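User: Could you walk me through this model? I'd like to start with one of the helices.

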Amino acid sequence: MNDSTKTEDNTTAFQSDNLQRFIFDNAPVRGEFVHLQASWQQVLSQRDYPVAVQKLLGEMMAAAALLAATVKIEGRLVLQIKSAGPVSLLMVECTSKDTLRAFAQWDGEIDDNAVLSDVTGEGTLAITIEVNGAKQPYQGVVGLQDESIAAMLETYFRQSEQLDTRIWLSSDEKSAAGLFLQQMPSEQAESDDDEENWSRISQLAATVTSTELLDLGVNTLLHRLFHEEECRLLADTDLSFACNCSRERVATTIGLLGKQDALDLVEDRGSIEVACEFCNEHYHFDKIDVTHLFSDDAVSTEPESSTLH
């Protein structure tokens, strides 16, 4: 591995909530490593997730950060699993402002050792990219046939992007992490060498363990995996948890109901209460609040995001 990375330098601090890009100077292969701790803890603090759901959501969060780093946009990337199983929804959003948020919905008791196929059944994994100002988002969809989130994403890249890609994900109650490798199109007619390099580098990466992903810093991890390769670190990105829900956005949603339906709802329930699925913030609107929403002097709101809270 390139000495300039100083992978075994003990003065290099362990960086969490950080994504590190890297490339191989001896092969057309790029990579990313992400480690999340504070942002992951912020997600876990919102709900008491079953162990198996927690593990899947952590892997999804790491995966979304990795995927978002592969696209240069102003907007957001949403990674979402919808299924007919006990875990009906897993959703992660990563924005171009380097923020993350995530949540899951489930029903009933979930066994601690349950895997993806146990809790989903029929369903889809969707990757949605929303670019600010664009009329329509891009969306890629794959079925839930593979045994893991990483395997489904590899299938997506192989089928939709025609790019050989390998992904390793891991999470526990403390942190979430992921490793991403992708073979880049080569400008030179050296396809045999490229395939040999890709096979060798991806096989080296496949020796990584969940413990190494979660416990090692990027320098130490990459040195262990690729110390005989010409691996070079590129720019890194700090990540954080953030939720863009607001009382104004909720007011916009209530406004879509229409005045009479909104007032009927208040009459029936005493008030309208809306909870954000991502940060668990609760917003209350009583009759006076709802009446004001539909008054001529009500402040206009900002329907920027189509995400339902």
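Analyst: A definition to begin with: a residue is called buried at under 20% relative accessible area, exposed at over 50%, and partly exposed in between, using a 1.4 Å probe and protein chains only. Helices are DSSP runs of H or I with at least four residues, strands are runs of E with at least two, and both are numbered from the N terminus. This is a predicted model, in which local features need pLDDT of at least 70 and side-chain atom pairs count only at pLDDT 80 or more, while totals for chains, interfaces and linings use all residues. Residues are numbered from 1 along each chain as its sequence is written, and side-chain values use heavy atoms, with hydrogens and water left out.

User: Which residues are buried in helix α9?

Analyst: In α9, which covers residues 259–269, the buried ones are Ala-262, Leu-263 and Val-266. They line one face of the helix, because seen down the axis of α9 they fall within an arc of 95 degrees, the arc being that of the directions from the helix axis to the C-beta atoms. An α-helix has 3.6 residues a turn, so residues three or four places apart point the same way.

User: And which exposed residues are on the face turned away?

Analyst: That face of α9 carries Gln-260, Asp-261, Glu-267, Asp-268 and Arg-269.

User: What covers the buried residues of α9?

Analyst: The cover includes α8 (247–255), β12 (272–275), β13 (282–285) and α10 (287–293), where contact means heavy atoms within 4.5 Å. Just after α9, Gly-270 takes a positive phi of about 90 degrees.

User: Switching to α4, what's buried there?

Analyst: The buried residues of α4 are Ile-149, Ala-150, Ala-151, Met-152, Leu-153, Glu-154, Thr-155, Tyr-156 and Phe-157. Just after α4, Gln-162 has a positive phi of about 55 degrees.

User: Now the second largest pocket: what's its volume, and how is a pocket defined?

Analyst: Its volume is about 420 Å³. On a 1 Å grid over the protein atoms alone, a pocket is an open set of points where a 1.4 Å probe fits, with protein on both sides within 12 Å along at least five of seven lines, and its lining residues have an atom within 4 Å of a point.

User: How many residues line it, and which element gives the most?

Analyst: The second largest pocket is lined by 24 residues, and Arg-21, Ala-68, Ala-69, Thr-70 and Val-71 lie nearest its centre. β1 gives the most, with four residues.

User: Finally, how many helices and strands are there?

Analyst: The protein chain has 10 helices and 13 strands, and buried residues make up 47% of its 309 residues.

Key. Points joined across faces, edges and corners; volume = space filled by probe spheres on them.
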